[in-house]
Structures are given as structure tokens and as C-alpha cells.
Amino acid sequence: MLRFIARRLLFLLFLLFGVALFVFILSHLVPSDPVAANLSQSALNNPEIVAAFKEKWGLDQSLFSQLLLYFQHLLTGDLGTSIRTGRPVFDDLMQFFPATLELSIVAMVIALVLGILFGTISAIFRNKAIDHIIRTVSISGVSIPSFWFALIMLNIFSSVLGITPGPGRIDTRTTTPEGGTGLLLLDSFISGNFQLFSDVAMHLILPGTVLGFFTMGLIARQTRSNLLEVLSMDYVRTARSKGLKESAIIVKHAISNAMIPVITVAGIGFCNLLGGMVLVENIFAWPGIGQYAYLSAVSLDFPAICGVSLLIAFIYVVINLLIDILYGVIDPRVRYE
Amino acid sequence: MTLLKVEDLTIKFKSRQGVVKAVDNLNFELAQGSSLGIVGESGSGKSVTSLTIMGLLQNANTEITGNIDFDGLDLLKLSPNEMRKIRGNSISMIFQEPMTSLNPLHTCGKQIMEPILIHQKEVSKQEAKKHAIELLRMVGIPSPEQRFHEYPHQMSGGMRQRIMIAIALACNTKLLIADEPTTALDVTIQAQILDLMNSLKKKRDMSIIMITHDLGVVKEMCEKVVVMYTGQIVEKSPTELVFADPLHPYTKGLLNAIPKISNKVERLEAIEGTVPDALNMPSGCSFHPRCKYATEKCTLEVPTLFQLEDGREVKCFIYDGSEKGDDVNAAK
Ligand SMILES: Nc1ncnc2c1ncn2[C@@H]1O[C@H](COP(=O)(O)OP(=O)(O)OP(=O)(O)O)[C@@H](O)[C@H]1O
Ligand SMILES: [Mg+2]
């Protein structure tokens, strides 16, 4: 088990290296000029300023030495300095990451809880009205464009019904608390500030639902089909022959077996959800990595783009590692070697 | 004392293609402590019958009529809740597929404890565990304390079937239904499992219904045999007589299909033809298309179950005492 994790971590290093290289090459293949993107028109007309800008960011050197420089810094944990914000990329990521982490965890919890619940209900009441409703909702989860869904939800629940607050992470009249983990739900809970806690929670519901909707649909569909398959298995028949109640059969014997393939889908869903982050964060004015990535991309902020890419790659590998470990926890037949 | 009495049991499946009569007017009884073999080719309705006795065959497209009297209870009239209290408690069942009949995610011990904890509410977890280990020892699993914590995938097919038997016998089973319990196992393991069932039957004064298409198994295990064909009983008699003097042409065919070591040169012959399609049954006796002795009458009329003087029953015109009997004896 430990060797397995160690090997996966080694793999992670290689992967990060590859991603860094790939992003570096890609960002230099793009036919656009970071100088033009970052300097004002008047500054661009001044060749001295342009030269100074190029020198400062190493843009005057050959591509290869730029690459070497980049890796040299990476090895020391230095992701470079963002051209746009002028701050170390690492600090930027650390500042924006907690908001994204919190949102994605909430979205994933919503997706898992509702997905498994809906999938189970759907399987139990197969071909009844409730099953058709749930399947329609799940399919729309997988097929509705999320930007459209986000706008509709925001309009209905915030503007028209006024149930949820508008965009943003917290009420604009309160200030973001300093320090802590940056996960506001956790921080406010620990400090006992329950007013802030509920404010944060209310702000999370809408973007969390929108972000998790696709994954919820995926999990619900997978849960339904797995559960139906498991319920026709011989060991379920054995459970029935013992005299177990149907509900106990589902809870004790069927769901756990049905969850094994769902874990894979949940992992795919989680990665997918990170992809949806850019859109959702922009629509909900969420101060997270998604927005940061968007702003970095439009200003051709190469160090920042590379930093974000590395972070995402890191998260992907960690999720996959967690999923593999989870398999072993649930299924005694899995062996790590 | 009669433990189980099945009367006029008929089971129909409705589907878009039509109605399938999987079991047709079945009658048999079973005394406490005795054993009955149900024999027949694939699709003859053996599993459907046993699942019905267990109360496991319930869905909207199934129609069950008749009576199943078990220990003074009319099983077909019980509510699902009442039936659940019997299932796994006084009637248990073991299945053909030991490899897939156990939950892969639970330890064997946990799966044996389950029926105890369901049916014997007064038993604590500790006691149930002790009992489960005792059961493992009883079904011949070595080092049961250790095996208790192991998962099904860590055991062989024979051991898994032993675990299934332990589960089936965890409570106070009066009737054990074994649906082809050894079909999936090696011959040597088969013999071990049958021995085990035989000795447990004696020890517990339990009744067994042994479902199989292997007449050899019946010879080892059962006092009486019921031969089924297309959902109907075609012959019912004590085991020795089935082997010494089979009555129905189908039974004769089944016997011819098993190799005999004692008789030196004897041709092994399978019954010609195949089981008819359940949706498209032949007229008259359902066996007539495959029967060597079939006459025109067999294609037109359905024989009833004739009772012979010695108590045996057979569903064939040969034995209805009319002129046909002579023809057959001539044919013999
Ligand atoms: N749920 C069901 N719906 C419709 N038809 C069914 C169902 N279960 C069984 N049947 C039909 O009932 C008939 C009897 O099936 P059954 O499983 O009892 O045969 P069997 O004697 O146990 O055969 P085998 O030796 O292959 O186990 C078959 O024709 C089968 O197709
Ligand atoms: Mg069967």
C-alpha cells in the first residue's frame, strides 16, 4: 500500500514536469504578444519601456533559455511572478485556491448525495413516474450548458424569488476574515461565527448546485444502472433467502456493491467539475482559481497560466490517487501491487 | 408427519409473447426428516417451484395458484412480512452458483451471522459470532476462527458452498431446498458436499428437497423422486424403484443418459430431440414428440397421473390399464 502510494507520487512528479513543459510550449505557440497584452498603448510606443519590460520578464532571451530558467525556478518551488498582478504566482494561487476548493467540495458533496439518492430511488421505483422524472433531470444535468443553467438559476433564485444571495462569496457588507484556512465555512465554524457561516453557506448553494449538476446527473445515472444490475445478482437472492427486508437488502448488500463503479464516475465527475470552474466562477463572481485562470489567460500571463496548469494537474493526480485508495477501502478484492 | 404438502401448484408467467405455464398442477408431499429429489431437464420448472416455496417468486407478471402447506401454514396466503420470518429461518435454500452467491464485500462470518441476527432477536452479536464459528466447524471448514474473518474471494468453490450451507442452517431449518448445489463443483468436492448434507440431515432431523438433473445425486441423497418435464410431474416413486424399474419413457431416457460402470458394454443414449418451447407446447402429452412409444392417442389427449397398485404415479397412457400397455410390452 505504501509502495503503491510512493509510486503514484513519483508518477505525479513526472506528470507535473510534462505538464509544465507542455504548457510552456503551448503558451509560446500561441500567436500573440504578451508585451502588447500587458502594456498600455502609450507605453508600447516607447521602445525603452518595451525593452525594459522584455528584459524584466526574460522575454528577450532565447526560448530555450526561457525554458531552462523556468524549470530552474520550478525546482526551487518558485512558480515565477505573475505579469498581471506582479505578485509571486505561488502566493496568488494560495490566495485564490481555498475559494475554489471550498466551492468544488460543496459541489461534489451535492453531486454525490443527490446523485446517489436519486439513482437509488430511480432504481427502486424503476419505470414509475418518479423514475422518469429523475432520469429526465439527470439527463438534463449532463446535457444543459452550464453557463445557461447558471444564469437561469441566478435569475430565478436570487433575482425573482430572492431566496439566495447574489454572486460573490460573502455578503458585500461584511469583510472577508483574515487568516485561517481560507475555507470560509470551516473558518467561521471554528471561530463560532455562525452568522458568517450561514452567509457563506447561502452563497455556496447556488454555484455549488450549478457546478455539481453535471456530475450529479452522471452519478445518478450510474447509480441507477449499477443498482439494477446488482439487484439481480445471486448474492442479493441469497440475502433475500435469509429473510432480510427489502430495505435492508438495498442498504446492506446492494448499495455498497453498486458504488464500486460509481467511484470511478465520481472521480471523472470531479475532474470535469474543475473544468466547469472557470465559467461558474466568472458568472458568480467567485474569487477563485477559475477567475484567476481566466484573467491570466486573457492577459497572456505565462507564469500564471503555467502555475494554474500545474495546480490543476496536481489536483487531478491527487484525486485519482484518492479514488484508487477508496477502491481498496470498499472492495476487499482489490490488491495494491 | 408431513412437513410440506404442495397441492395443485400452478405457476404462470405472463409476457408480451404470451403466457408461459412454467409449473403445471404440481402435487407432492414431504415428511419430516425425509428427502425428495426433483429431477428434470433444463426449463422443466424445478427452480421456479423451489423459489415459490421460498416466497421469492413475486412479481406483477407471475400468477401462482394452488396450496403450499408447510408445518400447518398456508405459505401462499401469508403476507410478505410473515413469509420473511419463515425464509432463512425454518425454510432455507442453497443455490447452484457458489462462486456468485456470496456478497463479495462482506466477510463470510458476517454473512453467516446475518440470518441469526434477523431471526433470533434475543441473540447478541457475540453469541451470534460464536454460533457462526460453530457452524463453520460443523460444515467442515478448517480453522473456522480465522476463516470467519475472510472474504468469499479467498475461498474455493467447495468452501463457498459449505459457507452457503452454514448460512442455510444458521437458524432452525426444518426444510432445506438445495437447487443443484453441486452442479458447479468438481466430482470429488460434489461427493463431499453431498456427504455433508446427508450427515447434517440425519443430525438435525431435517427435510431436504434436492433439485438436480443428475440422477446420481438423487441415488445418494433421496428417498423419493419426482421427475418433471415441461412443468409437470411425469413420474413419482421411491428412489430404488426409479432405478430398478423406471416407468415413464422420459425417466427411462434420463437413466439411459447416465453412464453405468457395472454394465460392461451398454450404449449411452441421450433422449432425442429437445425440450419444447414453453410458448409453443405440443398438443396431447408434452413428451410425445420425443417418445419412442408415442401413439396417436398421445398426440391428442393429455394423460393424467395414473396411480399404480404399489403407490407409484406416472403420467403416461401406457399405464392407464387400457389396451396400449400390451403394445409397449411388445415394443420392449
Ligand atoms: N421470471 C421469469 N419470467 C418468465 N419466465 C420464467 C421466469 N423464470 C423462469 N421462467 C421460465 O420458467 C420455466 C422453468 O424455469 P426453471 O428455472 O424453473 O427451470 P429449471 O428446471 O430450474 O431449469 P435448470 O435446470 O436450467 O435450472 C422456463 O421455461 C423459464 O423460461
Ligand atoms: Mg434451475
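Which helix of chain A is the place of A:I152? Select A:I152 and you land in helix α8 of chain A; helices here are DSSP runs of H or I with at least four residues, strands are E runs of at least two, and both are numbered from the N terminus.

Before moving on, note that this is a predicted model, where local features need pLDDT of at least 70, side-chain atom pairs count only at pLDDT 80 or more, and totals for chains, interfaces and linings use all residues. Residues are numbered from 1 along each chain as its sequence is written, chains are lettered from A and ligands numbered from 1 in the order written, and side-chain values use heavy atoms, without hydrogens and water.

A:I152 counts as partly exposed because its relative accessibility is 32% (buried is under 20%, exposed over 50%, partly exposed in between, with a 1.4 Å probe and protein chains only).

Colour α8(A), which gives the largest share, six residues.

Next, select A:K245, A:K252, B:K85, B:K110, B:K121 and B:K125, a surface patch of positive charge. B:K125 sits in helix α4 (residues 125-138) of chain B and, at 60% relative accessibility, counts as exposed.

Last stop: strands β10 (residues 232-238) and β12 (residues 313-314) of chain B run antiparallel, joined by two bridges. Here B:E235 stands opposite B:V314.

Definitions and conventions: Patches are made of residues with over 30% relative accessible area and no salt bridge: like charges are joined within 9 Å, nonpolar side chains (Val, Leu, Ile, Met, Phe, Trp, Tyr) within 5 Å. Accessible areas come from the Shrake-Rupley method with a 1.4 Å probe; for residues, only the protein chains shown count as cover. A salt bridge is a side-chain nitrogen of Lys or Arg within 4 Å of a carboxyl oxygen of Asp or Glu. Lys and Arg count as positive and Asp and Glu as negative; His and the chain ends are not counted. The place of a charge is taken as NZ of Lys, CZ of Arg, CG of Asp or CD of Glu. Two strands pair if DSSP finds at least two bridges between them.
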